[in-house]
Amino acid sequence: MPGYEQLYGLKLTHLESAAGDWSTLAGRLGELAEQAERDFLTKVEPLDWRGETAEMAKPFLTLTGQRFRYAHETALSVHEVLNGLLDAQRQARNDLMAVETEAADLSLGIHSDGTVYSRLNGGYADEELERMERWTGSHRLSPGQAQQADVDYIVGRIEEVLARSAEADATASRALGDLAGEVGDGFGIPPVTGMESAARMQGLEDASELAGLYRSSEYLTQEGLERATEILTAQQDNEYFAVHFTTTLGADGVLDFWSNLVLVDPYREPTQDYLRSVEEAREALGTTLGTATRAGGARMETWQADVLDQLDQVHGPENGGALLGAQIMSDLMRHGEWDTDYLTAYGDRLVAIEQPSGDGARWVPPSTSTLPGLEFRYDPATGFMRALDNNPDASYAFFSSTEPTDNAAYFLEERSYAPNLSEETETGGSAAKDAVMDALLAATSGRSSDEPSPLSPEHSAEQLRLFRHVMDVSAGTGNDFDADFREGMARLLGEYRAEVFDTASNHSGSQIPLDPGHLAEISNQISRSPEAYDILHVLMAAEYSERISSDTTGNADFVLEGIGQSIGFLENGRFEALEIDNDDSVWSDRWTYRSIGNIAEKIPYAGGILRSSIELFGSQWVEWSGTDSATRAMENRSEYYAYENVFMNELAAQWLALHPDSAEGLSPDQALTDAERTVREAAGQGHMGAVGINGGNPWRSS
């Protein structure tokens with residue numbers, strides 16, 4: 001694989017010159033071929049050959065004349081291969097430069113060896129740094145900590161471009177070798193005609209070899225598995241390979257291929273090298289199958305239909321345990337990009353199998369478990385939802401469907417999820433439920449859940465409609481809303497933070513984007529988890545910052561009142577949560593994300609401005625919401641919105657800093673006091689509005 005510096009500084013003049021030379025040669029050989037056909041073959045063919053040498057002479061002369069045409073076609077093929085390689089490497093180099101620009105927009109830099117680093121000032125202007133130093137103190141993030149999600153994203157983009165460049169180089173090398181043939185070979189019909197035909201030929205050869213490793217069971221040995229993994233990794237994006245391998249094995253073969261690898265064999269003790277190879281093979285095989293589904297064609301349609309028929313069928317070695325087809329696919333579908341139509345058909349089939357009881361608990365682990373340390377996903381929802389997350393269009397299509405089943409309602413409300421320790425996340429949550437919420441985020445945002453969120457997300461009318469439906473379903477569950485969905489729902493509300501703001505700040509209005517009753521109920525449920533509560537309010541802090549920076553009215557009553565009302569409306573959820581859970585509240589002993597850095601890891605975001613908002617206001621939010629005084633103040637609304645609420649004070653200060661003319665005739669201290677009072681009083685109004693919607697009692701005012 002080429003290095004970052006090698007590809008970035010790649011000079012293509014020699015390759016361009018070679019492609020041009022072969023084009024010229026092909027043209028000249030074409031002229032010779034035409035001359036040979038016109039002046040030589042046209043005279044040889046009609047002759048009546050007789051004598052002792054006639055039987056050999058005519059074929060020899062005919063072949064000699066034809067070889068001018070073969071030479072011409074070979075030269076054309078070499079030119080096509082070189083031209084294809086030139087286009088691929090030029091595109092890869094341009095993509096790498098685009099990644100560098102993208103990194104700069106994220107306040108990141110890239111060393112010559114391809115390592116990604118944070119710029120010294122984190123991309124902030126000096127005045128921003130000074131402000132953050134003043135207000136956030138020890139909570140201020142180091143650039144590296146703040147940008148880890150962005151760093152991971154850029155590293156992934158670099159690796160993808162370098163891998164694409166290496167694959168183009170390898171394909172061209174194979175093609176040129178095939179065209180050159182063996183020493184002494186004469187010109188014949190070219191075996192390949194360009195990069196695509198070379199990829200097809202190599203793909204078919206590798207697919208046949210891999211199928212042979214499966215049939216002989218050699219792929220179950222360490223050496224065979226390493227070779228199988230090598231083939232899958234190299235060819236996982238090659239449609240010709242993917243389709244040929246997939247359809248050669250068939251649905252049964254593919255499912256058995258993987259179940260034989262992952263199930264514990266009582267006669268085999270897996271080594272660490274073996275387990276590592278299995279993990280690598282899983283990602284490459286999943287990506288390969290996804291590539292195959294996107295290729296289309298009659299053979300793949302048959303394979304896909306056969307897979308759907310096998311979802312509730314048993315697979316596994318005779319001397320071991322067994323897995324159902326849907327469990328095997330779940331483990332593989334976490335990787336790759338799968339076809340939209342296939343995913344929607346797969347989801348419909350999965351739901352049909354689980355109904356009418358909605359019993360996801362049927363997917364219990366087999367008596368003979370899978371290899372240790374593989375994090376096998378037994379619940380089919382886990383892998384399927386990851387596949388939807390990687391294909392936002394498919395996710396939207398699936399979750400927006402209400403016939404024959406309301407899919408969003410089914411996975412949020414009706415389906416039971418089997419408790420399974422192997423499916424737990426690091427924080428003890430459910431991997432399947434996390435995947436459901438990530439897929440819903442992809443469906444309603446048009447982005448995979450691990451892609452950074454832009455400063456001002458834009459959504460289509462269809463996406464907004466689906467988001468409203470998700471809120472309707474979730475709010476309808478009331479206090480039965482699943483605890484494992486809370487953090488995902490907080491991120492979902494954060495994605496629609498503009499609509500949340502417009503609703504919370506004007507909940508009694510006639511033209512608001514969301515149902516205020518749904519928003520109030522969901523805020524209550526999110527607030528039952530301190531972690532989810534923090535995620536929501538940190539993301540809303542970014543919206544408040546955007547409203548402040550874009551305000552052109554210079555009127556505190558216009559922006560600060562709206563911000564205060566939004567804060568009060570959403571903050572009421574914390575009080576409601578304490579009432580709901582009584583003495584069982586987790587607030588007193590479960591502060592998992594007690595720093596802005598830890599919260600930021602749960603919220604991929606892009607751009608220096610949004611990062612500044614997250615750090616500046618988010619840090620203030622964490623500092624305030626985590627203090628003992630804030631907890632005590634929950635019992636007293638007037639104290640909670642008192643002068644010591646540094647979060648709201650900072651919002652007021654930032655608005656005033658951007659609109660100094662609004663303080664005309666007032667001393668700086670008085671202007672700041674007035675602005676702080678505006679946002680605090682509005683927060684009290686927002687709180688009372690939420691109380692009215694919830695039908696409860698307001699916090700004590702004294």
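1. Overall make-up. The protein chain has 29 helices and four strands. Both are DSSP runs, numbered from the N terminus: helices are H or I with at least four residues, strands E with at least two. This is a predicted model, in which local features need pLDDT of at least 70 and side-chain atom pairs count only at pLDDT 80 or more, while totals for chains, interfaces and linings use all residues. Residues are numbered from 1 along each chain as its sequence is written, and side-chain values use heavy atoms, with hydrogens and water left out.

2. Burial and surface. Of the 702 residues, 52% count as buried. Buried means under 20% relative accessible area, exposed over 50%, and partly exposed in between (1.4 Å probe, protein chains only). The accessible surface of the protein chain is about 30,900 Å². Carbon and sulfur atoms account for 48% of that surface. The areas come from the Shrake-Rupley method with a 1.4 Å probe; for residues, only the protein chains shown count as cover.

3. Contact range. A contact is a pair of heavy atoms within 4.5 Å. Take contacts between residues at least 6 apart in sequence: 78% of them join residues at least 24 apart.

4. Helix α19. This helix spans residues 486-495, and ten of its ten residues are buried. Among them are R486, E487, R491 and E495. What do the buried residues of α19 pack against? Their partners are α17 (431-445), α18 (461-476), α20 (497-504), α21 (516-526) and α22 (530-550).

5. Helices α17 and α18. Their axes come within 8 Å and cross at roughly 145 degrees. Axes are lines fitted to C-alpha atoms, for helices over the stretch in contact, with angles from 0 to 180 degrees between N-to-C directions. From α17, the contact uses L440, A443, T444 and S445; from α18, Q463, L466, F467 and V470. By class, that gives five nonpolar, three polar and no charged residues.

6. Aromatic pairs. Rings of Phe, Tyr and Trp (its six-membered ring) pair if their centres lie within 6.5 Å; planes under 30 degrees apart are stacked, over 60 edge-to-face, the rest tilted. The count comes to 17 aromatic pairs. F376 and Y378 form a tilted one, 5.0 Å centre to centre with 55 degrees between the planes. F376 is buried at 2% relative accessibility, and Y378 is buried at 4%. Elsewhere, ring pairs link W338, Y342, Y346, F384, F398, F399, Y410 and F411 into a cluster.

7. A charge over a ring. R415 lies over the face of Y417, 4.7 Å from the ring centre. The rule asks for NZ of Lys or CZ of Arg within 6 Å of the ring centre and within 35 degrees of the ring normal.

Note on methods
Ala, Val, Leu, Ile, Met, Phe, Trp, Tyr, Cys and Pro count as nonpolar, Asp, Glu, Lys and Arg as charged, and the others, Gly among them, as polar.
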